[in-house]
Amino acid sequence: MASTFFTWLRSPAARDYFFSTHFWGPVANWGLPLAAIADLSRDEEMISGTMTTTLACYSLVFMRFAWRVQPRNYLLFACHMTNATAQSINDFRFVKYWHMGGREAKLGITPAPEGEGKVTEAIKAAREESKKE
């Protein structure tokens, strides 16, 4: 099997492949998933939900393109599959941090029990005052 690969590597077909956009396009695209993977260890406060969602959708579209183009571009498909996965994880981290109490937990803020917040107290006071009139 290895000898078959090395035989192909010395062939004109291999040179045609390595000097084509079918190879260099995906290689240049690997910057996106590498950046997304690096962002997995960064603080959730730095994640842009809009951009992360956009990049995940972009990669899903190009995964389909890489699969449908003839001949199939497996290197481009793998690049965008990696990016879509990493962006989706970052998107989940963003939603958890900003919309599911992750920020409050990280900052040590406990939510006020129902009915004990200052806004709720102000509303109750205003209602009681209006009843007196």
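Helices (H or I, at least four residues) and strands (E, at least two) are DSSP runs, numbered from the N terminus. The model on screen is predicted: local features need pLDDT of at least 70, side-chain atom pairs count only at pLDDT 80 or more, and totals for chains, interfaces and linings use all residues. Residues are numbered from 1 along each chain as its sequence is written, and side-chain values use heavy atoms, with hydrogens and water left out.

**Whole chain**

Start with the protein chain as a cartoon. It has eight helices and zero strands, in the order α-α-α-α-α-α-α-α. The radius of gyration, taken over C-alpha atoms, is 26 Å, well over the 14 Å that the globule rule (2.2 Å times the number of residues to the power 0.38) gives for 133 residues, so the chain is more spread out than a compact globule.

Switch to a surface view. The accessible surface comes to about 9900 Å², and 65% of this belongs to carbon and sulfur atoms; areas come from the Shrake-Rupley method with a 1.4 Å probe, and for residues only the protein chains shown count as cover. Of the 133 residues, 23% are buried, where buried means under 20% relative accessible area, exposed over 50% and partly exposed in between (1.4 Å probe, protein chains only). Contacts (heavy atoms within 4.5 Å) can be sorted by separation: among those between residues at least 6 apart in sequence, 72% join residues at least 24 apart.

**Phe23**

Select Phe23, in helix H3 (residues 21-29). Phe23 has a relative accessible area of 16%, so it counts as buried. Leaving out residues up to four places away in sequence, Phe23 touches Tyr17, Phe18 and Leu75. Draw a distance from Phe23 to Leu75: these residues are 52 apart along the chain, and their C-alpha atoms are separated by 7.4 Å.

**Pro33**

Next select Pro33, in helix H4. Pro33 is buried because its relative accessibility is 0%. Show Cys79, Thr82 and Asn83, which Pro33 touches when residues up to four places away in sequence are not counted.

**The largest pocket**

A pocket is found on a 1 Å grid over the protein atoms alone: it is an open set of points with protein on both sides within 12 Å along at least five of seven lines, whereas a cavity is a set where a 1.4 Å probe fits but cannot get out, and lining residues have an atom within 4 Å of a point. The largest pocket holds about 180 Å³ of space. Select Asp39, Met46, Ile47, Ser48 and Thr52, the closest to its centre of the 14 lining residues. Helix H4 (31-39), helix H5 (49-68) and helix H6 (74-99) are the elements that each give two or more residues to this lining. The largest share, four residues, comes from H4. Coloured by class, the lining shows seven nonpolar, four polar and three charged residues.

**Pro71**

Move to Pro71, in the loop between H5 and H6. The peptide bond that joins Gln70 and Pro71 is cis, with omega about -5 degrees.

**Lys106**

End at Lys106, in helix H7 (residues 102-107). Not counting residues up to four places away in sequence, Lys106 touches Asp43, Glu44 and Tyr97. From Lys106 to Trp8, 98 residues apart along the chain, the C-alpha separation is 54 Å.

Methods:
Grid points are joined across faces, edges and corners, and a volume is the space filled by probe spheres set on the points. Ala, Val, Leu, Ile, Met, Phe, Trp, Tyr, Cys and Pro count as nonpolar, Asp, Glu, Lys and Arg as charged, and the others, Gly among them, as polar.
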